[in-house]
Amino acid sequence: MPFEESKDISGAKELLLEKTLEFYKMNGRKPLALVRSFGCQQNVSDGEKLKALLDKIGFGFTEEPEEALLIIYNTCAVRENAEDRVFGNIGQLKKLKEKRPELIIGICGCMAQQEHIAQKVKESYRYVDLVFGTFAYNDLYQMLWKVMGQHERVFNQTDKYSDINEELTQLRDDKVKAFVPIMYGCNNFCTYCIVPYVRGRERSRKPENVIAEVKKLVSEGYKEIMLLGQNVNSYSYGFTSLLREINRIEGDFRVRFMSSHPKDAGRDLIDTILECDKVCKHLHLPVQAGSDEILKAMNRRYTVEKYMEIIDYARAKAPDFSFTTDIIVGFPGETYEQFCRTKELIKRVKYDNIYSFVYSRRSGTPAAKLPDDISDKQKGLWLRELILEQREVTSEWLGRFVGRELRVLVSGDGRKGEGWLTGKSGEDIIVEFKGGRELIGQFVNVRIVKAMNWALEGTVL
Ligand code: SAH
Ligand code: SF4
Ligand code: F3S
């Protein structure tokens, strides 16, 4: 039955509440939901909205599939291995469903927005009850009622979106760092990328709503606000003025944002970052490739020189300004020589970190139709080459902080073992140091004593 026909189910929320209350009376505890988000911060943020909706109808939460009544995987479609992982995870739930038929299994998010995925689940994963895409959140209660109350499978891949629903709040696990979406969707259509197809066109939240949310989070004690959008520089109401307004909010907190598209990142962005004391002195500026031909084929709409203008402008004003980036290795038709230009670019820019990926063919995107004759194995070797280059560049470049003091937001136990803590500096660099766990969630000043190729090491002052 097409989903539209079920829209007339009124009072789904109340019916669900009754059901969870009944469960409570019988079991002496709330029914539990497991919500796991894959992919980018935007998706994590959507997962937090999903949790808020479930919380309102009486669900508690768990990380253990064995004790969950409802399991929802909030998925990512950006690369094939992300999708494979989800199917692997779903496959593992089959036994659990056989043992406990009352278990409800759902898949949502970017992957679940695609018709061919919904079709595959419908036919080959018959124990999955619910598949819904990125635009269906407003219908969650109706969908859940169809599944829980009427024992039907629901598939909702609607691509119609209404205005941003400011009523949808988040239930955040993290009490220190908060994701705040400022816009949804993407209009850029980079030729390799699935995001515009699964997330629709750009829609921006009103600045007053963003500001109100940030104020609330700061008053609740949040120390880091991460503003989210696929390209924050095309925020409809002006991104730099939003940053400046947020910077005026009182409190001890810092602001980050991602991502920025180089075609829209200008000098005013750099100036704003440098002038606003709460805004981290770091820019995540995905370059994707180091050759103009490949950038053109990717429809990125900038050249290497244009990209370098932003970098050079920032470094002229602040010589140790921190940049991180995303890189795709092995775009269809990319030659080894063109790939080498990406390695050269890494040396030229001196990134503090890069997130690099082998190109993954996404059906429905323009690049999926291009001839692609380099094997994935070969591309994997190029990727390794790139990572080795980056480690060398980064460990040397991180050295600029040795002997200096950085303000670090402590996030948890360190990777270096017993007694070590970890956190991030405003430059988005991992800093490890020794200290008591009571420092977790606080800002501390750390004197840097050593640079590694993945992080800095220091002592608390
Ligand atoms: N909107 C953000 C990025 C979203 S996706 C931006 O433009 O910066 C995050 C990263 O995944 C991209 O920057 C790109 O490097 C990578 N990516 C996207 N599609 C990909 C594909 N088909 N294969 C491999 N990597 C991809
Ligand atoms: Fe994808 Fe490009 Fe949009 Fe980023 S800007 S989400 S890479 S289409
Ligand atoms: Fe994010 Fe993956 Fe969707 S990167 S926008 S969750 S496709």
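Start at the lining of the second largest cavity: by class, it has four nonpolar, two polar and one charged residues. Here Ala, Val, Leu, Ile, Met, Phe, Trp, Tyr, Cys and Pro count as nonpolar, Asp, Glu, Lys and Arg as charged, and the others, Gly among them, as polar. A cavity is a set of points, on a 1 Å grid over the protein atoms alone, where a 1.4 Å probe fits but cannot get out; lining residues have an atom within 4 Å of a point.

This is a predicted model, in which local features need pLDDT of at least 70, side-chain atom pairs count only at pLDDT 80 or more, and totals for chains, interfaces and linings use all residues. Residues are numbered from 1 along each chain as its sequence is written, and side-chain values use heavy atoms, without hydrogens or water.

Select Val-255, Arg-256, Phe-257, Cys-280, His-282, Leu-283 and His-284: they line this second cavity. Its volume is about 40 Å³, the space filled by probe spheres set on grid points joined across faces, edges and corners.

Next, show strand E11 (254–258) and strand E12 (282–284). Each supplies at least two residues of that lining. Strands are DSSP runs of at least two residues, numbered from the N terminus.

Now colour domain 2 (174–279) and domain 3 (281–401); at least three lining residues come from each. The bounds come from an automatic or database domain assignment.

Move to the largest cavity, about 320 Å³ in volume. Select Thr-134, Phe-135, Leu-168, Tyr-184 and Arg-203, which lie nearest its centre among 17 lining residues.

Why does the largest cavity lie between domain 1 (9–156) and domain 2 (174–279)? Because both domains give residues to its lining.

Definitions and conventions: Chains are lettered from A and ligands numbered from 1 in the order in which they are written. On a 1 Å grid over the protein atoms alone, a cavity is a set of points where a 1.4 Å probe fits but cannot get out, and a pocket is an open set with protein on both sides within 12 Å along at least five of seven lines; lining residues have an atom within 4 Å of a point. Helices (H or I, at least four residues) and strands (E, at least two) are DSSP runs, numbered from the N terminus.
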